[in-house]
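Here are my notes for your review. Please read them with the model open.

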Amino acid sequence: MKELVLESKGIQTDQYFIPPFELREEELVLIYLDNHPVSYEAESSLIDIFGGKVKHKDVIIYKPLTYAKHFRESEFRRRFFPITVGEYLKRNANEKSEYAKKIYEMEWIHKKTKVNILPGNPRRLITLYSVLSKTKNIIFDVVAQDSQGIKETGQIVKREVEKGGSAILFDWTDILKKDCTKYIKIEWLIDLEKNKREFNF
């Protein structure tokens, strides 16, 4: 049996319950969150717990997991000094890793390309590659990607997992369900329809 990376005995709040699960080496766990406003808050909270930023009495982390953050840039930087692909990778990636150069396999992307002009799929890939250049144990999502981008991201992570890595995926679709070794569905303890109406969602 492969080594444990993370063990959760279950997480319950006043809004939701995440059933117990284990994450081991060579496993990709999908945590399915329904698509509505409180899902984003739930994901953020769970990322903090599984990433070790916030301690939880029912979660044991044996090996650290790193969240592949989405690209963010201040309004000032965006307007006057946009971050380039080369600059982003220099700051965030391990330059000795093959992943530090992988984004350049897209011929139209070069070091001076501004990250903020990249479409959703390549913009997500640059952040994913940066994290994979430093660790093989990750947390990620596929927000702002189309179905083709989601599948591509899933295959990249799946290959890394098969080489001894591990991953937790937060998603609102079942596109990658067949590629995951475990499927965990959030159990909501609130009235979602009422919540949607309050948010005009």
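Which helices and strands each supply at least two residues of the lining of the largest pocket?

1. The model is predicted. Keep that in mind for each point below.

2. Four elements answer the question: helix 1 (37–50), strand 7 (66–67), helix 3 and strand 8 (137–141). Each of them supplies at least two residues of the lining. Helix 1 gives the most, with 5 residues.

3. The largest pocket holds about 530 Å³ of space. Its lining counts 22 residues. Nearest the centre of this pocket lie I47, Y67, K69, H70 and R72. By class, the lining splits into 10 nonpolar, 7 charged and 5 polar residues.

4. Now a loop residue. T113 sits between helix 3 (85–92) and helix 4 (120–132). Is T113 buried or exposed? T113 has a relative accessible area of 6%, and buried means under 20%, so T113 counts as buried.

5. What does T113 touch beyond its neighbours within four places in sequence? The contacts of T113 are I83, T84, V85, W108 and L118.

6. Next, the aromatic rings. A pair of such rings is described by the distance of the centres and the angle of the planes. The count here comes to 9 aromatic pairs. One aromatic cluster is formed by F21, F50 and F170.

7. There is also a charge over a ring. K177 lies over the face of Y183. The distance from the ring centre is 4.2 Å.

How values were computed:
Residues numbered from 1 in each chain as written. Predicted model: local features only at pLDDT ≥ 70, side-chain atom pairs only at ≥ 80, totals over all residues. Heavy atoms only, no water. Phe/Tyr/Trp six-rings, centres within 6.5 Å; stacked < 30°, edge-to-face > 60°. Lys NZ or Arg CZ within 6 Å of the ring centre and 35° of its normal. Buried < 20%, exposed > 50% of the residue type's maximum accessible area, 1.4 Å probe, protein only. Contact = heavy atoms within 4.5 Å. 1 Å grid on protein atoms, 1.4 Å probe; cavity = no way out; pocket = protein on both sides within 12 Å on 5 of 7 lines; lining within 4 Å. Points joined across faces, edges and corners; volume = space filled by probe spheres on them. Nonpolar A, V, L, I, M, F, W, Y, C, P; charged D, E, K, R; others polar.
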